[in-house]
Amino acid sequence: MADAIQAGLWGLVAGSALLLGAALGYGIRVPQKVVASVMAFGAGVLISAVSFELVGEAYDQAGLGPTAVGTLIGALAYTGGNVWLARHGARHRKRSGHTAGASQPSEAEQGGSGTALALGALLDGVPESAVIGVSLLNGGAVSLVTVAAVFISNFPEGLSSSAGMKKAGRSGGYVFGVWSAIAAASTVSAVLGYTVIGSFSPAVVAAVTAVAAGAILAMLADTMIPEAFDDAHLAIGLITVSGFLVSFALSHT
């Protein structure tokens with residue numbers, strides 16, 4: 001039980017970054033280049049964490065076959081859910097609304113888009129939080145690299161998405177209600193990642209880890225990277241690599 005509580009607390013820590021980013025993105029007008037920069041850094045961090053903490057760990061536990069299959073299943077599941085949500089107004093849920101043609105719709109423009117945005121945020125956040133709980137299965141200590149990676153990537157997600165929600169005319173109550181709910185869901189996902197997945201064999205745990213990795217990679221390519229690079233300045237690539245190296249260094253210290 002103590003480990004399950006620990007998993008939930010770490011999930012809450014990582015999810016709280018969404019609220020911090022949302023407060024900044026909704027409260028002040030953040031320059032687009034700053035939004036792009038923090039998105040690029042967060043993307044670099046997650047790419048590294050997925051590579052070395054998730055896919056690498058799954059490969060060490062179960063080999064190439066389950067890892068590859070799990071990663072593809074995760075990507076397919078995320079893409080399928082994302083296609084459905086896109087048709088209901090959540091296609092640009094992580095966009096700040098600055099780029100023409102890539103802004104979130106208001107409820108008046110597309111009915112039900114508010115619910116779709118909330119579900120989209122849940123779709124993006126659950127795999128990241130679940131692997132925090134799974135990481136406790138390896139020796140009884142959470143992977144601080146995974147927690148740090150999710151926290152660092154959650155901040156720009158909350159920042160950019162809340163800025164876009166505000167521009168679409170959504171109220172502060174809606175914006176902070178969504179991110180508070182996702183932070184709570186992050187807590188639950190981390191607990192379930194530890195308690196439910198922990199009852200399976202190492203091969204199944206590895207496959208589930210790979211599924212989460214595939215979903216996260218698909219999310220990166222579909223939501224975070226476009227926001228980072230649409231209004232890119234010349235240093236975006238360098239910032240992405242910097243995020244990658246920070247995460248890599250954390251995982252090897």
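Modeller: Let me begin with the lining of the largest cavity, whose residues divide into eight nonpolar, one polar and one charged. This is a predicted model, in which local features need pLDDT of at least 70, side-chain atom pairs count only at pLDDT 80 or more, and totals for chains, interfaces and linings use all residues. Residues are numbered from 1 along each chain as its sequence is written, and side-chain values use heavy atoms, with hydrogens and water left out.

Colleague: What makes a residue of that lining count as nonpolar, polar or charged?

Modeller: Ala, Val, Leu, Ile, Met, Phe, Trp, Tyr, Cys and Pro count as nonpolar, Asp, Glu, Lys and Arg as charged, and the others, Gly among them, as polar. The lining consists of L46, A49, V50, E53, L54, V131, T146, A149, V150 and I216, so E53 is the charged residue and T146 the polar one.

Colleague: Why is this space called a cavity?

Modeller: On a 1 Å grid over the protein atoms alone, a cavity is a set of points where a 1.4 Å probe fits but cannot get out, and its lining residues have an atom within 4 Å of a point. The largest cavity has a volume of about 50 Å³, where a volume is the space filled by probe spheres set on the points, and grid points are joined across faces, edges and corners. Helix α2 gives the most to this lining, with five residues.

Colleague: Why is the pair of Y26 and F176 called edge-to-face?

Modeller: Rings of Phe, Tyr and Trp (its six-membered ring) pair if their centres lie within 6.5 Å, and planes under 30 degrees apart count as stacked, over 60 as edge-to-face and the rest as tilted. The structure holds three aromatic pairs. For Y26 and F176 the centres are 5.8 Å apart and the planes 75 degrees, therefore the pair is edge-to-face.

Methods
1 Å grid on protein atoms, 1.4 Å probe; cavity = no way out; pocket = protein on both sides within 12 Å on 5 of 7 lines; lining within 4 Å. Helix = DSSP H or I, 4+ residues; strand = E, 2+ residues; numbered from the N terminus.
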